[in-house]
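Work through the exercises below with the sequence and the model side by side. Each task is followed by a solution in steps.

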Amino acid sequence: MRSKIPRRVALGSALLAATALAAPPASGAYAATTPVTVTVNARAGLATVPATALGANDAIWDSTLGTDAVADLLGSAGVQMIRYPGGSYGDIYHWETHTAPGGYVAPNTDFDTFMASARRTGAEPMIIANYGTGSPDEAAGWVRYANVTKGYGAKYWTIGNENYGNGHYGSSWEADDHADKSPAQYAAEVIAYADAMKAVDPTIKVGAVLTMPANWPDALVGSGDAGTWNQVVLQAAGPHIDFVDVHWYPGGGSAAEAIGKTQYVDDAMYLLRTQINKYGGANASRLGISLTETNVGVGQNTQPGAIFLADAYSSLIANGVFTVQWWNVHNGIGTPSTVAGQQDYNDFGLLSSGTCTSDDTVCEPPLNTPFAPYHALKMMSSFLHPGDQMVQASADNPLVTVHAARRPNGDLGVLLINKDPDAAHDVALDYRGYTPSAAAPTVLTYGNGDTAAHAGSASTLPPYSITLLTLHPSASNAAAPAAPGTPTASAVTDRSATIAWPAVSRAAKYEIYRANGAISEQLGETTGTSFTVGNLQPGKRYTVNVLARDAAGHLSWSSPPLTFTTGAPATSTCTVKFADVNDWASGYVGQVDITNTGAAPLNGWTLNFTWPTTWQSVSSGWNATWTQNGTDVRVTSDGTLAANGGSTSVGFVGAYSGPNVLPAAFTLNGTLCSTSS
């Protein structure tokens, strides 16, 4: 959490992944006069937008919490979920007495006041049950008061806030009175909390705190632990919870670097979902993901904050996160600076606190004046509506980011973000699987220094801007069959996978597509409800969608996406074991065990593999010669691997500045190897 509380502020960003992300290219690297080709692919469906998608945090130390003025501003911005009582305060707050020992509680910020404000806003509450200094009985009492006594119907409850920051990994900002501060103890208490709370109201949803991949302390194994925080918590508590809760403050040394870190989202969510499915027990795919705190690293009140919010919210929601929540509604002035020609107050709030620096040399605008991220959030509420399906979209210039969503009435929203602070960019839009009407789209733009969104151009993106196009379809799709349900994958090998999906009424056949960026490649079609895809590449991630077509040729919307990764062959003349044996959340010691299972010795050998991302590298290696070219790694030795089981171990120091997705395919002297764990 980011707050005005001294014990927490200094630690919030220092403990995140330390290695810097390469910034997007300078604006001069791409001629602003060259139109940017934007491709929107309606055949490649992503997640459906939930009714809780757009969220924000509120806090009991904020004296404006519960005021009509704030509730109305949040409602106008389309806020759908509000979190209470405020970050780390959740672990010191006692709801019944409305006290937070060691912290400040503003007048008129009690739970009933918060609920009245949430209702006025039209937002669902997200409540933090006190893990650090509370108890299962206290949490159960809160559920009883909220949902039995008062009838509020508060559905979503998380057990604590950033509880990995309790000192177990060496840094401590989160209150925790438990003698045992391990993830195993947290998991055991989560089970006790969930049981007690659901005994009062079995309809509630309970969430457990996890760490965001590539952010501290992800990948660290504490003393005496059987695994990482996420692994231990999921293995024990997974069957007892309904969702997991993460935070993400990616930081950044410059505005370009900070807003560029949204490129991490797809891989981070892939890793998090992989951890959930691997460790969360039977039917772990049912567990939802909430991201209840985020903010940009530079320009919190100016255009970088707005750009980051629009890009991050869109990317996270497209990846199935059911709520994304900005930190914070109000937060207070920090160290002012000028960002892209605008006064920035280093204030993590959506709205001005109306405060000044300690020497009164710089003051914020009047209380509740919206900052730039507020206007971006308001644009998001025009872009995404509950029930919309996000679809794949891309641009051929990295300074332009694009997101798209298809609406139940057939309209298409396209969100275009120009990250170039200096130049406008013309755009040329191409649509796949969607034909817009000839009518001009509705265009809404929010640019650097604007005080509100306004009508804009569909063909030119102003510098440092967010532009929303809303298009209508050329014809109704009402006659088309319903979209297929979520596909599943089975019998996944190094070269093939079997895809299955629920039957759809009136479907004459089904078409299976692979999403390759914003382009869909048809893998095949069938009249049945399963299809085996062949000719896949080993160790590669694939995302596929299924569409239904009726006898008249009408094509449905896309199914939700299915993502799977091919592996290595079950048998081979070589075996590789690749392990991360000691991780410090920005680098690690890796060990690679290589075994020759063939009938002939290998007199000299070469191992090849490819990093899944551009931000992974080998810093140094031993017991062989290590070289890297781009993302390709080559490990060579003039040693001999004896036949029928000759083996060796080599090691390296790896570095990463984003989600560390490990390679899954290896060749030894050109032969694709099997793998072991």
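**Exercise 1.** Is Cys-356 buried, partly exposed or exposed?

Solution. The model is a predicted one. Step one: the relative accessible area of Cys-356 is 30%. Step two: buried means under 20% and exposed means over 50%, with partly exposed in between. Cys-356 is therefore partly exposed.

**Exercise 2.** Describe the disulfide of Cys-574.

Solution. Step one: Cys-574 is joined to Cys-673, with an S to S distance of 2.0 Å. Step two: the S-S torsion of Cys-574 and Cys-673 is about -100 degrees, so the bond is left-handed. Step three: the pair links distant parts of the chain, 99 residues apart, with Cys-574 in strand β27 and Cys-673 in the loop between β35 and β36. Step four: both Cys-574 and Cys-673 are buried. The structure holds two disulfides, and in sequence order the pairing is 1-2, 3-4.

**Exercise 3.** What do the buried residues of α8 pack against?

Solution. Step one: α8 covers residues 265–279 and spans 21 Å between its first and last C-alpha. Step two: its buried residues include Val-265, Met-269, Leu-272 and Tyr-279. Step three: the buried residues of α8 pack against α6, β7, β8, α9, β25 and β26.

How values were computed. Residues are numbered from 1 along each chain as its sequence is written. This is a predicted model: local features need pLDDT of at least 70, side-chain atom pairs count only at pLDDT 80 or more; totals for chains, interfaces and linings use all residues. Side-chain values use heavy atoms; hydrogens and water are left out. Helices (H or I, at least four residues) and strands (E, at least two) are DSSP runs, numbered from the N terminus. The expected span of a helix is 1.5 Å times one less than its number of residues. Buried means under 20% relative accessible area, exposed over 50%, partly exposed in between (1.4 Å probe, protein chains only). Contact means heavy atoms within 4.5 Å. A disulfide is a pair of cysteine sulfur atoms within 2.5 Å.
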